[in-house]
Amino acid sequence: MSSNESAAGIAHVYRGTFVHATYHTAVEILEDGLLGVDTEGKIAFIGSGKEVDRLSQKWGFEAFAVTQLGQHEFFMPGMVDTHIHASQYSYAGTALDMPLLQWLNMYTFPVEACYKDLEFARNVYTHIVKRTLRNGTTTACYFATIHTDASLLLGQIANDFGQRALVGKVINSYPLVRPVVTPRFAPSCSATLLGHLGEIAQNNDLHIQSHISETKEEVNLVKELFPDYDSYTDVYHRHNLLTDKTVMAHGCHLTDGELKLFRETGASIAHCPNSNISLCSGMLDVRRVLNHKVKLGLGTDVAGGYSPSMLDAVRRTLDTSKALTIQDTQYHTLTFEEVFRLATLGGSQALSLDENTGNFEVGKDFDALRVNTDAAGGPIDLINHGEGPKVYVAGKRVVPFVERP
Ligand code: GUN
Ligand code: FE
């Protein structure tokens, strides 16, 4: 709280419950917290609500200007979608009836060709940015298409609506948007192209994204196309495309040796469970990836994944982990706390954006969701809250729910 405290004034102060992940704890809950945001949108201080008088003097805000959250509200960090194809949103929820390589040829490539039409692009890109924001995605790592004008437009739309984004193949950047070098995947690139892309990324210190080891058929194809390389991962590595700013989608079929290379280079994995199940690609063993100390975030992979919601990605991640547990009862199932971390801080680490976003730390941008669990017409029925239900049987109060261990 010392270095930049007088650099910018305080624009907003919130008091209430804050839920986030830290580097040490998967879910930390700060009850009656007090958080100040400066005029640049950065978190200036985090303290306890009880300290409001001291903090208001120190930071120069009026105590009456504090926004008090309701009893059933909390703030959580905005979610980070580490892998989503903006250009595939138009057919999300359809066309999931064939495996990856056929699916690409039959559905994906013909639709992506439409993005030479800027008005087509504007329509879909506006919808996907608005939809993901409504679903709580404050940061998205987007694949677009080979059409530069359309990709620039996606960057502009994300920036205008206030979403932080990495956008494939955009060189100009907007304040909230950074470019990301985007070879689609090894089978669609020559070694020469991969080499040039690695050079561009290295010379300009750029983010990199691609796909890796999504299906066994694809892994075999890469073996045929790149026979002189040790592995799929080696193909990217030998072209300088594995760095600590690289995120690779899927990785369902990576070997231990390949995961070691991810760890050594600092490259990360975008786990996209909806897509992996929908296209019958595989089930990533997230626990194994985490044990290798490889960074990992979650992705929706629209439209291989049918849902543009990170909450869905959270649920599908737990489902896949439980399916692995059904196959092996000794499996160390992911907890929902761990998956919460993957959807927020884990994603920001995977995209190398954790200096800016991912949790509530002083100096980071305040990217946050204000969640009201009791919103009128909302999806949650709060039943066991407050004093609990008042149920009497034969004049005696009973508590008709089971305490959790
Ligand atoms: N591999 C190469 N391109 C794609 C794509 O568009 N979607 C998915 N899921 N995998 C890919
Ligand atoms: Fe993808």
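## Reading the labels

Colleague: Why is K245 called buried?
Modeller: K245 has a relative accessible area of 16%. Buried means under 20%, so the label holds. The model is predicted, and the values are computed from it.

Colleague: What makes D205 and K245 a salt bridge?
Modeller: Their closest N and O atoms are 3.6 Å apart. The rule asks for a Lys or Arg nitrogen within 4 Å of a carboxyl oxygen of Asp or Glu, so the pair qualifies.

Colleague: Where do the two partners, D205 and K245, sit?
Modeller: D205 is in the loop between α5 (191-204) and β10 (207-212). K245 is in the loop between α7 (232-237) and β11 (246-250). They are 40 residues apart, and the pair links distant parts of the chain.

Colleague: Is D205 buried or exposed, and how do you know?
Modeller: Exposed: its relative accessibility is 54%. The cut-off for that class is over 50%.

Colleague: Which residues form one network through salt bridges that share partners?
Modeller: K42, R164, D365 and D367.

Colleague: How do you know that K42 pairs with D365?
Modeller: The closest N and O atoms of K42 and D365 are 2.9 Å apart. The limit is 4 Å, so this counts as a salt bridge. K42 lies in the loop between β2 and β3 (43-48), and D365 in the loop between α12 and β14. They are 323 residues apart.

Colleague: Why is K42 called partly exposed?
Modeller: Its relative accessibility is 25%. Buried would need under 20%, exposed over 50%, so K42 falls in between.

Colleague: What does the salt bridge of D32 with R15 tie together?
Modeller: The closest N and O atoms of D32 and R15 are 2.7 Å apart. D32 lies in strand β2 (residues 28-38) and R15 in strand β1 (residues 10-20), so the bridge ties together parts that are 17 residues apart in sequence. D32 itself is at 24% relative accessible area, which means partly exposed.

Colleague: How many salt bridges does the rule give?
Modeller: The count comes to 15.

Colleague: What makes the phi of A95 worth a flag?
Modeller: Phi is near 60°, a positive value, and A95 is not a glycine. A95 sits in the loop between β6 (79-85) and α2 (100-112). Its relative accessibility is 19%, so it counts as buried under the 20% cut-off.

Colleague: Which class does S352 fall into, and why?
Modeller: Partly exposed, because its relative accessible area is 24%. S352 also has a positive phi, about 55°, without being a glycine. Its place is the loop between α12 (336-350) and β14 (368-372).

Colleague: Which bond joins V302 and A303?
Modeller: A cis peptide bond, with omega about 10°. A303 is in the loop between β13 (296-298) and α11 (310-327).

Colleague: How do the axes of α3 and α4 cross?
Modeller: Helix α3 (residues 118-134) and helix α4 (residues 148-161) cross at roughly 35°, and their axes come within 9 Å. The crossing is right-handed.

Colleague: Which residues make the contact?
Modeller: From α3, L118, A121, R122, Y125, T126, V129, K130 and L133. From α4, D149, A150, L153, L154, I157, A158 and F161. By class, that gives 11 nonpolar, one polar and three charged residues.

Methods:
Residues are numbered from 1 along each chain as its sequence is written. Chains are lettered from A and ligands numbered from 1 in the order in which they are written. This is a predicted model: local features need pLDDT of at least 70, side-chain atom pairs count only at pLDDT 80 or more; totals for chains, interfaces and linings use all residues. Side-chain values use heavy atoms; hydrogens and water are left out. Axes are lines fitted to C-alpha atoms, for helices over the stretch in contact, and angles run from 0 to 180 degrees between N-to-C directions. Helices (H or I, at least four residues) and strands (E, at least two) are DSSP runs, numbered from the N terminus. A crossing is left-handed if the near helix is turned anticlockwise from the far one by less than a right angle, and right-handed if clockwise. Contact means heavy atoms within 4.5 Å. Ala, Val, Leu, Ile, Met, Phe, Trp, Tyr, Cys and Pro count as nonpolar, Asp, Glu, Lys and Arg as charged, and the others, Gly among them, as polar. Buried means under 20% relative accessible area, exposed over 50%, partly exposed in between (1.4 Å probe, protein chains only). A salt bridge is a side-chain nitrogen of Lys or Arg within 4 Å of a carboxyl oxygen of Asp or Glu.
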